[in-house]
Amino acid sequence: MAAAHAPAVAQAPSPSIAGNSTTLFENVRIFNGKNAALSAPSHVLVKGNTIERISAAPIDVTAEPGVQVVPGNGRVIMPGLIDMHWHAMLVRPTPAMLLSSDIGYSTLLAGAEATATLMRGFTTVRDMGGPSFSLKRAIDEGLLPGPRIYPSGAMITITSGHGDFRQLSDLPRTIGGMLARVEQLGGSMIADSPDEVRMRVREQLMQGASQIKLTAGGGVASPFSPLDVSTFTEAELRAAVEAAENWGTYVCTHAYTSAAIQRSIAAGVRCIEHGHLMDDATARLMAEKGIWLSTQPFLDLSGASALGPAEQAKMRQVVGGTETVYALAKKYGLKTAFGTDILFSQELAERQGAMLAALTRWHTPAEALVMATSTNAELLTLSGPRNPYPVRLGVVEEGAMADLLVVDGNPLENLDLVADPDRRFLVIMKDGKIYKNTLPQ
């Protein structure tokens with residue numbers, strides 16, 4: 001007969017309330033994800049995984065058994081943060097480790113990082129390339145704590161494009177031949193014709209991709225991918241767009257240069273990732289066409305030690321374009337999302353919040369926080385019927401998902417608070433479950 005008692009489970013971090021429980025946050029000032037000012041002292045009632053009621057007057061819960069009351073004592077409550085350019089499977093391993101490791105070990109490593117990501121206050125991420133489907137499922141099923149994941153699946157590239165990590169000894173490629181190691185792992189897929197692109201896109205959608213990622217130009221980390229190169233033809237990009245639109249979702253492209261961005265737009269791509277090397281005319285075109293810009297505040301060479309000399313030189317070129325891309329985004333009012341694109345460094349991942357705080361170089365703290373919450377959530381809705389979480393994210397409003405952070409201090413006055421989540425995020429709630437609560441009881 002099976003044992004009557006389950007084995008003990010580690011308690012940190014794990015949800016402290018069940019999904020059907022009720023939590024009342026008392027005496028909090030709300031940053032709702034949209035407004036630049038905090039609310040008056042308020043009370044927020046969470047039932048299950050939804051914000052049921054927000055009230056300036058006290059909320060009476062004495063008739064409800066088992067309510068968890070969280071005394072805010074005037075502290076700020078805000079939406080969970082969203083990172084729109086994350087690689088859940090690629091944060092901790094080096095490229096060599098990733099290509100040589102078993103996918104099971106890599107997924108376990110990514111699971112540990114997913115928990116750390118959540119504990120930094122990031123309750124949702126959009127995964128921009130990597131075999132994260134199993135990790136997403138495990139998090140959704142409650143097997144381990146982590147952010148909700150909007151997966152792209154394998155990023156789709158061309159021979160020698162960004163994401164092609166083969167060696168020269170692997171050439172020539174045989175169409176229909178054995179997959180390269182990176183393809184076997186599901187990190188990227190090589191496609192050299194519209195038909196191949198269409199097939200690879202459909203494979204990612206079949207596995208549950210919420211959006212599709214193609215590399216339309218050169219990249220930093222890939223050894224045979226110069227930054228100035230435009231990779232896919234317009235016909236190849238259009239094949240991806242058509243396949244994604246048939247499934248009700250969209251294509252985003254990795255693109256630094258004006259040529260790669262303009263070709264992407266001509267093919268129907270709806271979101272550009274990066275854009276650091278674009279010119280004024282291209283930014284104006286993006287504004288005219290309503291194209292999203294998902295970019296990152298790359299300000300230094302952190303993480304470059306995992307790359308070779310040639311890749312570090314490309315990284316310097318991209319960092320040199322950061323001021324330009326944010327200036328152009330502001331000049332033309334581009335729909336701009338925040339992400340970090342942290343790769344190959346657990347230490348660098350710990351600076352995820354610091355990268356958000358770096359936005360104050362171009363934005364007010366309120367503008368940056370709106371970008372990392374409600375604006376990012378708006379971009380997530382482009383997945384349409386492929387949206388794995390068709391709920392309201394990124395806001396503190398009645399009826400929205402209960403992804404909430406209680407902050408020690410006012411991030412609208414000092415955004416550096418988000419760079420210190422261990423001390424400053426006193427409560428972390430995702431999906432109505434409290435994963436951290438260090439408030440004095």
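Let's start with the cavities: the count comes to two of 30 Å³ or more. By cavity I mean, on a 1 Å grid over the protein atoms alone, a set of points where a 1.4 Å probe fits but cannot get out, and lining residues have an atom within 4 Å of a point. Grid points are joined across faces, edges and corners, and a volume is the space filled by probe spheres set on the points.

A word on where this comes from: this is a predicted model, local features need pLDDT of at least 70, side-chain atom pairs count only at pLDDT 80 or more, and totals for chains, interfaces and linings use all residues. Residues are numbered from 1 along each chain as its sequence is written, and side-chain values use heavy atoms, with hydrogens and water left out.

So what lines the largest cavity? It holds about 50 Å³ of space, and its lining includes Leu 90, Ile 103, Pro 131 and Gly 187. By class, that lining has five nonpolar, three polar and no charged residues. Here Ala, Val, Leu, Ile, Met, Phe, Trp, Tyr, Cys and Pro count as nonpolar, Asp, Glu, Lys and Arg as charged, and the others, Gly among them, as polar.

The second largest cavity has about 40 Å³ of space. Among its lining residues are Ile 82, Thr 123, Leu 393 and Asp 403.

Now, please look at the sheet. Three strands form an open sheet in the order E6-E7-E8, with parallel pairing. Strands E6 (81–86) and E8 (148–151) are at the edges with a single partner strand each, so one side of each has no neighbour in the sheet. From one strand to the next, the twist averages 15°. Strands (E, at least two residues) and helices (H or I, at least four) are DSSP runs, numbered from the N terminus, and two strands pair if DSSP finds at least two bridges between them. E6 and E7 (residues 122–127) pair over four bridges, and Asp 83 has Val 125 in E7 as its bridge partner.

Which helices lie across these strands? Helix H2 (residues 103–119) lies across E6 and E7, at about 130° to E7. Helix H13 (residues 365–380) lies across E6, E7 and E8, at about 65° to E6. Axes are lines fitted to C-alpha atoms, for helices over the stretch in contact (heavy atoms within 4.5 Å), and angles run from 0 to 180 degrees between N-to-C directions.

Technical notes:
On a 1 Å grid over the protein atoms alone, a cavity is a set of points where a 1.4 Å probe fits but cannot get out, and a pocket is an open set with protein on both sides within 12 Å along at least five of seven lines; lining residues have an atom within 4 Å of a point.
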